Amino acid sequence: MSAYNQNFVPPAAAPANGNQGSSLVNGLPGAVPHQQPPPQAAAAQQYLQQKAQPQLQQQQFQQPPVPYPGSSNNSSQPPPLQFNSNIVNKFLPPSSTSANNGAPPPSTLPSHLRPPTANGPTTLTNGSNGANSAHSSRTASPGLMSVPQQGGAPPMPQNTQYAHGAPPPAALPIQPQSVASLTSNMHQMNLNRTNGQPSANTAPTPQQLQQVPPQQQQQHQQPLANPMTGPFMGNKPPNLNPSASRVIGSPPTGGAQPVPVPASGQRIMYGGTPASNDQQNNNLQRAAPPPGAGTAWPPSLPKAAVPGIPHPMQTQPQAQSAPFAPPQQYQYGQAYQQPLHQPPLPQQQQQQPAPPPGMFGAQTSSAPLQYQAQPPPPSMQPQGQHPYAQPQPTSGPPQLGAPVPLNVAQQGFSRLWGQDTIDLMQNRHILSPATLPAPKVVLHNQFHESINCSPSIMRCTVTKIPETNSLLQKSRLPLGIVIHPFRDVNNLPVIQCINIVRCRLCRTYINPFVYFVDSKMWKCNLCYRVNELPEDFQFDPATKTYGDVTRRPEVRSSTIEFIAPSEYMLRPPQPAMYLFLFDVSIIAQQSGYLEAACSVLNRHLDEMPGDARTQVGFICYDSFVHFYSMAEGLNQPHEMTLLDIDEPFLPRPDSLLVNLKECKELVRDLLKLLPKRFAHTHDPGSALGSALQVAFKLMQSSGGRITVFQACLPNKGPGSLEPREDPNNRSAKDVAHLNPATDFYKRFALECSGYQIACDLFLMNQQYSDMATISGISKHSGGCVHHFPLYQKTKQHMVDSFRMCFKRYLTRKIGFEAVMRIRCTRGLQVHTFHGNFFVRSTDLLSLPNVNPDAGYGMQISYEESLTDVKTICFQAALLYTNSEGERRIRVHTVCLPVTSSLPEVMHSADTEAIIGLLSKMAVDRSIASNLSDARDAFINATIDVFNAFKIAQNLPSGQSGQLIAPRSLALMPLYILGLLKHPAFRVGTSTRLDDRVYAMDCMKTLPLDQLMKFVYPELYKIDVLIYHARNSNASTTEEDDEEEPLPEVPRLQLSAEHLDSRSIFLMDCGQLIMLYVGLNVPPDVLEAVLGISSTAELGDYVYGLPHIVSAEYDILQRFLLRLNYDKPYSALVQIIRDTSTAKGQFIERLTDDRSESSLSYYEFLQHIRAQVK
């Protein structure tokens, strides 16, 4: 049989109702339509036909005869047909000279474009209604049991035979804009030829939209049972842009037919289920959109177009055939099933994720798994396909004018707006470059965004502040900031002026976010008071001219430093004062730390910050306290021993602290003598309390820094302690003795803080030393703590690590007698501080010493609503004395927008800042209550956040098998699991009490960038570096002097599944870098990187890289330099082979994997999902 083109109708096909009429298209007699158009449309149609007929006939003569496909005699003339110009016009390619090589998609029109009737059900072409017709959705309901396939619309047969003798569909009135180019484009179109059946993907014309009143559309829709409802899908259509002028979709893989590109102005069409010829005939009549709808057409989509769920009537994909392939046989229920109906949904319910790849003719995405849309649930998958199988990505760049996949477009806009989501259960490998950087603060002001405070200095837990406290409680997110105020900053603007401009009411420093009323008045951005500008503020110190006030450095940089005038000084600036206390007990001497400490101190004595007034002093202690006088005129230091340690006193008032510049030689001699002086003593006592008391008396007149080296438990004099740790109870769930045993050291620290004295602690213990108690001297005086457990001079790697740490400690910049105040916009206040300091007042922190390696955290609360505020600001002002005796003020200001939308608050979360604040809060919770409460608080915080997001997004409740998270919070469960497995909070694993306390102290004091590596190390596979080194080495010449940039090395999650015996892996833990060498690494790689030919040559404990002359070694060194760039000092490198006994140190840091006492990452996600209601 011959196959008729679907856009042509035989002249003998007459309607059942007997209506007669005539229509001429290209001079051919046409069939009479079933429903005659209105008189106005008929008149316009006849006029346009007569006017366009000469042009059409002339175009016909200019075209060469082409054999008509499907005819028996190979005639170039088709049989007499009635032409449907509306269908053709909608499938015309954008250019008349470009041919469409693919056939249009075999699918039907959406339900909202189906013809409604004013009275009763839809009348079919054979005269029967929907209840009695065999082609209705009721009689064809067995078709719902057909096997579904993955995709949005079932494939339409290329040539489908009509059943029951149903006539082909009739034609529609001719559109004026399509007549001129009708014949010239006739042979360039690829149309579905289904025995005269019209194409399903056609759009209504304006004349058709005016034929039916809008009220009839709702009468046409019939309530049907939806077989696809369930926990994996909602009843909401996707939020599509009806004004798009292109088809969102591209040819799917797997044999589906390609989607043609519509002409400009055509609306988006989506395929439904295959319909019968009667229904498709009725589909040619369109209902007009509701009045005032404008671009809101189409109002709804059929149920088959729900993203992520294949239509139940879809069959397995058919092999792709030519546009005029022979007819294919389909089941009755498939070929004549009508698409389901659903009423239009409210606008706010149309926010749904984009359909997965392959639906609606969408092209599969080649993006990583976490950027692709989620697949349908297993119950909706085609038979024989894995539930989470992803389509294969296509290769090659997209062609110009090719259809854009719907899921990529919607996800792109969501990602652009920062509101994309992800299912963590299906995207377990969530760590990617898209989730790692700090979220950007959007202020809708390009200048303000460019000068906002750097996230490495100050970050808020949310980048959009909730306008009310109730909105914050709904989000379940902690509100606070983490700050690194004394960070080493390059190109820091330093200003010296007579008058520092500040608000007269709240004392806020002028900053880039204030409002200038005019050249003489400015409005404070924190309290909104209008202040006057001094006359000299119009002078620009950079250009030495008077001009615009906005050119001043104060209003062009959010981080700035002022040289403070005398009004900011209560006393003359103090000199740099350093006092060192050495433990010289028998345990300390056996460890050998004193030799390394004196050696580093002697070498870097000239590099210590200070001026000509810098003073130093030394005290040693065991069961007694030993002083060293370096008075003028002495050839060598003079030692004095204090025997009365219960009531200590100073043996002499002077010469114990000496000027470094004047007595440098005596100081060097003393540093050489001290290791030998106590080398043969066997005193087990340690009078730390007495040594601290005399040190305070020595420093209280001027203030300064006390550095304490402790190697054992203090057991003599004031502050003596008893062992509290039970070695057999190190893995218990209830961890005891996290609180100090006595308040002696805390009271001492508070007394030191009042006299601008800070105490720093280096704990070099080989046994329990009760760090929970003695670390109080640093926690409450603004000091720092360094811990080197099991230190031995025979362990070279520990000696090297201590040397690098102590060198950084001696040479880094320091601020004396510092205070810091955090100011907030009116309506907010700081209610809790975290870090090492003393709170002098409600918002003033006392920092006797401030160092560039210390971080702090603050929790923010509401005083009043922020309804009338568009932005809020936090300003941190640090007043300190530098080592040269200058009084300076460093000011940081950050500006954040205010929002009233709960979803915006959730999507603006800063995961790393949240983790930094939660870790500090958990340390306080562990000390105030117990460790179990802190662990429960971590899990509950995660569950509460995901519950809040589920409510904010109106996600379905119940066990849906999904854990939907915003992109901003995608890493939160991963980092929470890292905290739960960290030595600070883990249970079930043997952990020394001093190690746990030190880890908790790091949680409170480390800056955020260092803290994240401490919580979740970075894992890299360095094969990329080796491959790059070999290729670049072969391609470069001797003239290339410039160093090539390093390639991007992908970061891996901490799981053993990424390990390969043929590769080398690098794990950056912050202060330690591990190189894990696989057992089957090629010998040439081992020789080029490590200088060995086999992994058997590596010992169990190898530290440091040997010096090798090779391109691979050089690029690895460059990569290590990049990792160490932002660290206080270079990390120690440890090399671990696959069969080494040290492998356990590497494996225990793979937090994504399951251990004997903890869950894996996926199991933890399952636990969270089970708790999210």
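Are Arg552 and Glu554 buried or exposed? Both residues are buried (under 20% relative accessible area, with exposed over 50% and partly exposed in between; 1.4 Å probe, protein chains only). Their side chains meet in a salt bridge of 2.7 Å, N to O (a side-chain nitrogen of Lys or Arg within 4 Å of a carboxyl oxygen of Asp or Glu). The model is predicted, and local features need pLDDT of at least 70, while side-chain atom pairs count only at pLDDT 80 or more. Residues are numbered from 1 along each chain, and side-chain values use heavy atoms, without hydrogens or water.

By this rule the count comes to 36 salt bridges. One of them joins the side chains of Arg476 and Asp944 at 3.4 Å, N to O. Arg476 lies in the loop between helix 10 (469–475) and strand 8 (480–483) and Asp944 in helix 21 (residues 931–952), so the pair ties together parts 468 residues apart in sequence (helices, H or I, of at least four residues and strands, E, of at least two are DSSP runs numbered from the N terminus). Arg476 is partly exposed, at 42% relative accessible area, as is Asp944, at 27%. A network of salt bridges links Asp488, Arg808, Arg812, Lys813 and Asp853.

Asp1152, in the loop between helix 28 (1143–1147) and helix 29 (1161–1171), is buried but has no salt bridge. The nearest side chain of opposite charge, Arg428, is 5.9 Å away (Lys and Arg count as positive, Asp and Glu as negative; His and the chain ends are not counted).
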